[in-house]
Amino acid sequence: MASATDSRYGQKESSDQNFDYMFKILIIGNSSVGKTSFLFRYADDSFTPAFVSTVGIDFKVKTIYRNDKRIKLQIWDTAGQDAGTGPCTTAYYRAGILQAITCPPLAASYRSTQIKTYSWDNAQVLLVGNKCDMEDERVVSSERGRQLADHLGFEFFEASAKDNINVKQTFERLVDVICEKMSESLDTADPAVTGAKQGPQLSDQQVPPHQDCAC
């Protein structure tokens with residue numbers, strides 16, 4: 001089983017080159033589904049109820065240990081309302097779709113299409129139903145979320161950044177899936193052309209516009 005998450009993070013980590021792998025993870029989803037809160041809960045273990053719309057993109061760095069490997073996570077938070085109109089980094093190798101349970105799940109299918117269109121074929125994706133603490137305002141049932149995830153071919157988590165439910169578990173599962181796929185790739189790759197620890201950098205892509213969630 002994987003080892004515990006290291007609690008160290010911050011600016012020092014951004015320049016720290018002492019790691020075995022670096023994964024760039026993109027949190028995507030419509031405006032107000034809680035992407036920034038989800039990121040801050042994981043990286044800083046903090047939460048604020050005040051809603052501040054993200055402008056452009058921002059990221060945080062966190063280092064964890066999995067299977068005796070030191071893994072540096074560069075986690076990108078995108079502006080939901082702008083992700084479809086600017087040079088967004090949906091081409092990053094790993095991604096997570098964040099969907100609030102208080103919003104209709106239409107955006108999740110759209111974001112899945114984005115990933116398939118603008119990312120590599122082997123991008124690893126999880127679907128997360130955020131805000132599970134807001135049961136009184138629930139629009140998407142747990143079963144409906146699982147069915148949608150199965151249809152899209154993703155694993156599904158319900159989570160709450162506010163109550164710190166399944167936030168750490170979501171990121172750790174995504175990292176484990178990435179590591180598993182990397183291991184499979186190394187097992188089947190030609191030894192003459194393998195050896196790089198980090199995947200090649202992907203170029204930014206233009207993403208088509210979309211309709212924001214009205215929640």
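Begin by selecting Lys131, which sits in the loop between β5 and α4; helices (DSSP H or I runs of at least four residues) and strands (E runs of at least two) are numbered from the N terminus. This is a predicted model, in which local features need pLDDT of at least 70 and side-chain atom pairs count only at pLDDT 80 or more, while totals for chains, interfaces and linings use all residues. Residues are numbered from 1 along each chain as its sequence is written, and side-chain values use heavy atoms, with hydrogens and water left out.

At Lys131, look at the backbone: phi is near 70 degrees, a positive value in a residue other than glycine. Most residues other than glycine have a negative phi.

Next, select Asp45, in the loop between α2 and β2 (57-66), where phi is again positive, near 55 degrees, in a residue other than glycine. Asp45 is exposed, with a relative accessible area of 51%; exposed means over 50%, buried under 20% and partly exposed in between, with a 1.4 Å probe and protein chains only.

Seven of the 10 residues of α2 are buried, namely Lys35, Phe38, Leu39, Arg41, Tyr42, Ala43 and Asp44.

To see the contact (heavy atoms within 4.5 Å), show Phe38, Arg41 and Tyr42 of α2 against Val167, Lys168, Thr170 and Phe171 of α5. These contact residues divide into four nonpolar, one polar and two charged, where Ala, Val, Leu, Ile, Met, Phe, Trp, Tyr, Cys and Pro count as nonpolar, Asp, Glu, Lys and Arg as charged, and the others, Gly among them, as polar.

A cavity is a set of points on a 1 Å grid over the protein atoms alone where a 1.4 Å probe fits but cannot get out, and its lining residues have an atom within 4 Å of a point. Grid points are joined across faces, edges and corners, and a volume is the space filled by probe spheres set on the points. There are two cavities of 30 Å³ or more.

The largest cavity holds about 100 Å³. For its lining, select Ile25, Leu26, Ile27, Phe38, Gly96, Ile97, Leu98, Leu126, Val128, Thr170, Phe171 and Leu174; β1 (21-28), β4 (94-100), β5 (124-130) and α5 each give two or more of these residues. The lining divides into 10 nonpolar, two polar and no charged residues.

The second largest cavity holds about 80 Å³. Of its 13 lining residues, the closest to the centre are Gln99, Gly129, Val140, Gly145 and Phe156. Two or more lining residues come from each of β4, β5, α4 (142-152) and β6 (155-158), with α4 giving the most, three. This lining divides into seven nonpolar, four polar and two charged residues.

Finally, show the whole chain, which has five helices and six strands. Buried residues make up 49% of its 215 residues.

How values were computed
1 Å grid on protein atoms, 1.4 Å probe; cavity = no way out; pocket = protein on both sides within 12 Å on 5 of 7 lines; lining within 4 Å.
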